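Thanks for coming, everyone. I have one structure for you today, and I will go through it piece by piece. Here it is.

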Amino acid sequence: VAVGTVSNGTNNATVDAAGDTLVYSVVVANTGNVSLDVASFVDPGPTFGGVLHTGPYVVPGSPYTPNSGDTDSDGELDVGESWTYQITYTLTQTDVNNAAAGGGVVNNTVALVANDQQASPATLDTAGSDLNASITITPTSNMIVDKTAVVSTDGGTSFNPMGPTQTLNAGDIVRYAYLVTNTGDTTITGI
């Protein structure tokens, strides 16, 4: 995961709410001695607590043009070139809830196949490759409760805010209201 961005567009190390984005960078380097064509790019997208993402996740498609690195713009991964692909994903509320239920773990794995000019697959340097990006997000579950009261001194015809030192009499009607506000970034249940 290269960059976490909050919905207002500022960089932030904490990505933990619906609307925040993850930017994945996939760098492919040709360490061999012949040019390569990228034959396939497979990335199912991030999982949140083990559950696959719920928003749109668009991976590069054929001809697998990188965001940067094709220095001579020939569409071939030449010897010594490093291509960078970037994939942006915007978290949904379901993703945040799934992450919270699964310990906050966000995983993403990529698989890429490249062939030489004779259509023979290139060998993946497994020792030098890291095909998995994993981060932990820390969703917060917070709420505020605000209790208010209104009182009727005319048998329920009209209600007015109750003052802190108001005297009540037998027959007055007091109604209480509870305003519960979710100030966290996870869905709260069981109130």
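Let me start with a question: does Thr84 count as buried or exposed? Thr84 counts as buried, because its relative accessibility is 18%. The cut-offs are these: buried is under 20% relative accessible area, exposed is over 50%, and partly exposed is in between, with a 1.4 Å probe and protein chains only.

Some ground rules. This is a predicted model, where local features need pLDDT of at least 70 and side-chain atom pairs count only at pLDDT 80 or more, while totals for chains, interfaces and linings use all residues. Residues are numbered from 1 along each chain as its sequence is written, and side-chain values use heavy atoms, with hydrogens and water left out.

Back to Thr84. Thr84 sits in strand 6. When I say strand or helix, I mean DSSP runs numbered from the N terminus: helices are H or I with at least four residues, strands are E with at least two. Setting aside neighbours within four places in sequence, Thr84 is in contact with Ser25, Val26, Val27, Pro66, Asn67 and Ser68. Contact here means heavy atoms within 4.5 Å.

Next, the core. The largest nonpolar core holds 24 residues. By nonpolar core I mean a set of buried Ala, Val, Leu, Ile, Met, Phe, Trp, Tyr and Cys residues joined through side-chain atoms within 4.5 Å. The residues with the most contacts inside this core are Leu22, Phe41, Phe48, Tyr85 and Leu91. Four elements each supply at least two of its residues: strand 2 (21-29), strand 3 (37-42), strand 6 (82-90) and helix 1 (93-101).

Look at Tyr85. Again leaving aside neighbours within four places in sequence, its contacts include Tyr24, Val26, Val28, Phe41, Tyr64 and Leu112.

That brings in Tyr64. Tyr64 lies in the loop between strand 5 and strand 6. Its phi is near 60°, a positive value in a residue other than glycine. Tyr64 counts as buried because its relative accessibility is 12%. Pro63 is found in the loop between strand 5 and strand 6 as well. A cis peptide bond joins Ser62 and Pro63, with omega about 15°.

There is another positive phi to check. Ala119 has one of about 65°, although it is not a glycine. Ala119 lies in the loop between strand 8 and strand 9. Ala119 is exposed, with a relative accessible area of 56%.

Now the pocket. How much space lies in the largest pocket? About 770 Å³. The method: on a 1 Å grid over the protein atoms alone, a pocket is an open set of points where a 1.4 Å probe fits, with protein on both sides within 12 Å along at least five of seven lines; lining residues have an atom within 4 Å of a point. Grid points are joined across faces, edges and corners, and the volume is the space filled by probe spheres set on the points.

The lining has 29 residues, and Val27, Val28, Leu124, Ser129 and Leu131 lie nearest the pocket centre. Strand 2, strand 7 (105-109), strand 8 (111-115) and strand 9 (132-136) each give two or more residues to the lining. Strand 2 gives the largest share, six residues. By type, the lining divides into 16 nonpolar, 10 polar and three charged residues.

An open sheet of four strands runs in the order 5-4-7-9, with antiparallel pairing. Two strands pair if DSSP finds at least two bridges between them. The edge strands are strand 5 (51-52) and strand 9. Thr47 stands opposite Leu52 in strand 5.

Another open sheet has three strands in the order 11-10-12, also with antiparallel pairing. Its edge strands are strand 11 (160-161) and strand 12 (173-182). Strand 10 (residues 143-152) is joined to strand 11 by two bridges, and to strand 12 by 10 bridges. Val150 stands opposite Pro161 in strand 11. Thr148 has Ala177 in strand 12 as its bridge partner.

Last, two distances, C-alpha to C-alpha. Arg175, in strand 12, is 74 Å from Asp72 in space and 103 residues from Asp72 in sequence. Gly155, in the loop between strand 10 and strand 11, is 61 Å from Asn107, and 48 residues apart in sequence. Gly155 is exposed, at 57% relative accessible area.

Notes. Nonpolar A, V, L, I, M, F, W, Y, C, P; charged D, E, K, R; others polar.
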